[in-house]
Amino acid sequence: YALLALQWPSTPPLEVLEIILVLFCELPQGTLKKSLEPPEVLRMLSTILHRTLGGGVSLGVALLGCKIIRALASRQDVALQHWVCCHGVGRWSRRLVMVRDIAQCGLFRQLPQEKATPEELTRGAQSLQDE
């Protein structure tokens, strides 16, 4: 909850997104579901995901946002899967897979120090489509 409640000027730092990803992947199902129960937590998570998948973010941020979404969508929980579907992730990933052009999908920056590639992001989006 504390990580989601922090305020950032635009997008969270990659390190924070990596911690969120590990937590969402490793927490037991019951603990994760209980931690996401308060409506304000889901609002904060929604804001973070919109910032990570929205326009103007770096490729690494978008890739981590995609991985966080996959971690949530892969849980065998109908409510979590429904929440993911309601946030435009399907539309975003479909568009990214279809056009395969980072600029057309709103991801404009690839920072020089980033290890993420457009191909990785496209594969991540494709795996979201497959789930």
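## Helices α5 and α8

Helices α5 and α8 (residues 118-130) are roughly parallel to each other, since angles under 35 degrees get that label. Their axes sit 10 Å apart and pack at an angle of about 20°, where axes are lines fitted to C-alpha atoms over the stretch in contact and angles run from 0 to 180 degrees between N-to-C directions. The α5–α8 crossing is left-handed, meaning the near helix is turned anticlockwise from the far one by less than a right angle.

From α5, the contact (heavy atoms within 4.5 Å) includes Leu59, Leu63 and Arg70, which meet residues of α8 including Pro118, Glu120 and Leu128.

## About the model

This is a predicted model, where local features need pLDDT of at least 70 and side-chain atom pairs count only at pLDDT 80 or more, while totals for chains, interfaces and linings use all residues. Residues are numbered from 1 along each chain as its sequence is written, and side-chain values use heavy atoms, leaving out hydrogens and water.

## α5 itself

Helices here are DSSP runs (H or I, at least four residues), numbered from the N terminus.

## The α2 side

Helix α2 (residues 14-26) also packs with α5: their axes come within 9 Å and cross at roughly 15°. This crossing is left-handed too.

Technical notes: Helices (H or I, at least four residues) and strands (E, at least two) are DSSP runs, numbered from the N terminus. Angles under 35 degrees count as roughly parallel, over 145 as roughly antiparallel, 65 to 115 as roughly perpendicular and the rest as oblique.
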